[in-house]
Amino acid sequence: MTAVRPDIAPKQAPEATRFPTGFVWGAATAAYQVEGAAAEDGRTPSIWDTFSRTPGKVRNGDTGDIAADHYHLYRDDVALMKRLGLKAYRFSISWSRVQPTGRGPAVERGLDFYRKLVDELLEAGITPVATLYHWDLPQELEDAGGWPQRVTTDRFADYAAIMAGALGDRVGTWTTFNEPWCSAFLGYGSGVHAPGRTEPASALRAAHHLNLAHGRAIEVLRGQLPAAAQTSVTLNLHQVRPLTASAADADAARRIDAVGNRIFTGPMLRGEYPEDLIADTRHLVDWSTLVHDGDLAAISGPIDVLGVNYYTPTLVSTPEKGAGSTRDDGHGASDYSPWPGSEHVAFHLSEGKQRTAMNWAIDPDGLYNLLMDTSRDHPEVPLMVTENGAAFDDYVSPEGRVEDPERIAYLHGHLDAVQRAVADGADVRGYFLWSLMDNFEWAYGYSKRFGTVYVDYASQRRIPKASAHWYADVIRRHALPQTGPS
Ligand code: FCB
């Protein structure tokens with residue numbers, strides 16, 4: 001049992017600016033990254049099980065077979081969340097755990113895990129926020145063609161109905177997809193994520209089908225869930241900046257904004273694909289046959305909340321300029337671009353910024369600008385920061401503590417950015433730290449620690465890092481400490 005450290009028990013900070021009443025404090029994880037139990041109780045492989053077993057795809061050959069063993073330790077994990085004072089937990093559901101072939105009836109043992117997890121959360125006074133899809137397509141559906149095939153949207157709508165039926169009475173907030181950009185463009189474009197295909201046209205087709213699957217699932221959820229339930233989607237909106245004021249760099253930024261952001265916000269929130277996106281990519285796909293009559297109406301059904309994930313801004317130019325130019329946009333190096341139609345755009349590391357262990361620049365103003373831009377462009381939809389956080393090279397001291405002052409500084413700076421955006425009019429309803437605990441960081445395996453709780457994988461012992469105590473203190477105060485971390 002780990003108690004919240006008494007030396008940072010609540011102090012009075014009456015002068016501190018408080019977050020809005022009802023602002024939600026949470027932490028997030030994803031099924032494949034934490035659950036483990038990959039072959040238990042009827043679960044079958046997802047594309048990430050297959051990908052992580054493919055030599056050379058994941059660092060050190062790591063897999064999610066055991067991960068943080070959340071499947072078995074969820075009760076302890078919920079108890080820890082309660083001790084930290086978390087008000088909400090964002091988790092995802094493993095599709096192949098509840099519907100092993102991706103079609104047909106659900107497996108009760110799989111559903112039971114999520115029923116028990118949710119009951120445990122509710123008992124602890126923690127609001128469950130469920131994501132239907134965080135990148136782990138059942139392998140059978142990939143074998144049948146995966147997201148580039150339209151039929152996969154039928155499968156997803158059925159799966160959404162199963163989950164609404166199983167958990168709709170106790171989960172009040174539902175998210176269809178986490179970062180469909182990564183599923184489409186890292187999964188089928190650059191191939192650094194599962195299923196590892198490198199087909200630009202397939203990536204664009206996948207993006208449309210992910211949009212359609214989102215819209216169809218929203219309709220299913222709305223039809224089955226109580227009226228008070230909230231529906232949402234989470235996007236990794238790129239905060240794109242041109243390297244210089246040149247027209248060429250402005251065009252690079254427009255292109256990356258189109259195929260990185262507006263390819264999702266356009267159809268979902270405006271009911272249309274951007275004209276410039278279609279122009280940039282029409283040599284790769286025939287949008288007029290890809291998008292069927294009625295698709296855009298289906299995709300743009302109203303949602304209650306837009307989740308945004310932010311880690312670092314995206315600095316671009318065209319053509320490449322100097323030694324700072326790179327083809328790696330921060331999502332992982334590949335010979336294939338995840339930017340179909342805009343492969344010539346170059347990416348840059350911003351100068352003079354501190355970096356995380358991912359080599360991502362630390363830039364809280366990027367989050368402020370992202371929230372302001374998004375609320376200006378889409379004032380009708382409230383925002384939720386569904387992921388924000390940082391990896392650092394954490395270790396356990398001989399005294400058994402994990403000191404992570406860089407992470408505290410990162411969180412402090414980014415929460416300050418949220419607060420500034422709220423003060424300037426953005427309707428931001430909450431913040432979920434990525435991640436509750438160290439976990440399987442996709443192609444980086446276990447080499448990157450994003451948790452606010454340290455996981456010793458050999459023993460599965462959890463050790464709240466100093467940042468967890470700091471975050472617990474912020475939650476109790478409902479405000480940031482006046483001065484930065486000590
Ligand atoms: C996001 C993912 C999440 C995690 C963080 C670091 O893109 O949604 O699973 O990997 O990045």
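Which strands does helix α16 lie across, and at about what angle does α16 run to β1? The legends below take this up in the second view.

This is a predicted model in which local features need pLDDT of at least 70, side-chain atom pairs count only at pLDDT 80 or more, and totals for chains, interfaces and linings use all residues. Residues are numbered from 1 along each chain as its sequence is written, and side-chain values use heavy atoms, with hydrogens and water left out.

**View 1. The barrel of eight parallel strands.** Eight strands close into a barrel in the order β1-β2-β3-β4-β5-β7-β11-β12, with parallel pairing. Strands (E, at least two residues) and helices (H or I, at least four residues) are DSSP runs, numbered from the N terminus. Two strands pair if DSSP finds at least two bridges between them. On average, neighbouring strands of this sheet are turned by 25° against each other, direction ignored. Strand β11 (residues 383-387) and strand β12 (residues 428-434) run parallel and are joined by two bridges. V428 in β12 is the bridge partner of L383.

View 2. Helix α16 (residues 466-477) lies across β1 (24-28) and β12, and runs at about 155° to β1. Angles run from 0 to 180 degrees between N-to-C directions, and axes are lines fitted to C-alpha atoms, for helices over the stretch in contact. Two packed helices are described by the angle between their axes and the distance between the axes. For helix α15 (residues 405-423) and α16 the angle is about 30°, and the axes are 9 Å apart. R407, I408, L411, H412 and L415 in α15 meet A466, S467, W470, Y471 and V474 in α16; contact means heavy atoms within 4.5 Å. The contact of α15 with α16 has seven nonpolar, two polar and one charged residues. Here Ala, Val, Leu, Ile, Met, Phe, Trp, Tyr, Cys and Pro count as nonpolar, Asp, Glu, Lys and Arg as charged, and the others, Gly among them, as polar.

**View 3. The largest pocket.** A pocket is an open set of points on a 1 Å grid over the protein atoms alone, with protein on both sides within 12 Å along at least five of seven lines; a cavity is a set of points where a 1.4 Å probe fits but cannot get out, and lining residues have an atom within 4 Å of a point. Grid points are joined across faces, edges and corners, and a volume is the space filled by probe spheres set on the points. The largest pocket holds about 730 Å³ of space. Of its 40 lining residues, Y311, T312, G330, H331 and W360 lie nearest its centre. Its lining has 18 nonpolar, 16 polar and six charged residues.

View 4. Residues lining the largest cavity include W48, Y133, C182, A194 and P195. This lining divides into nine nonpolar, three polar and no charged residues. The peptide bond from A194 to P195 is cis, with omega near 5°. P195 lies in the loop between α8 and α9 (200-224).
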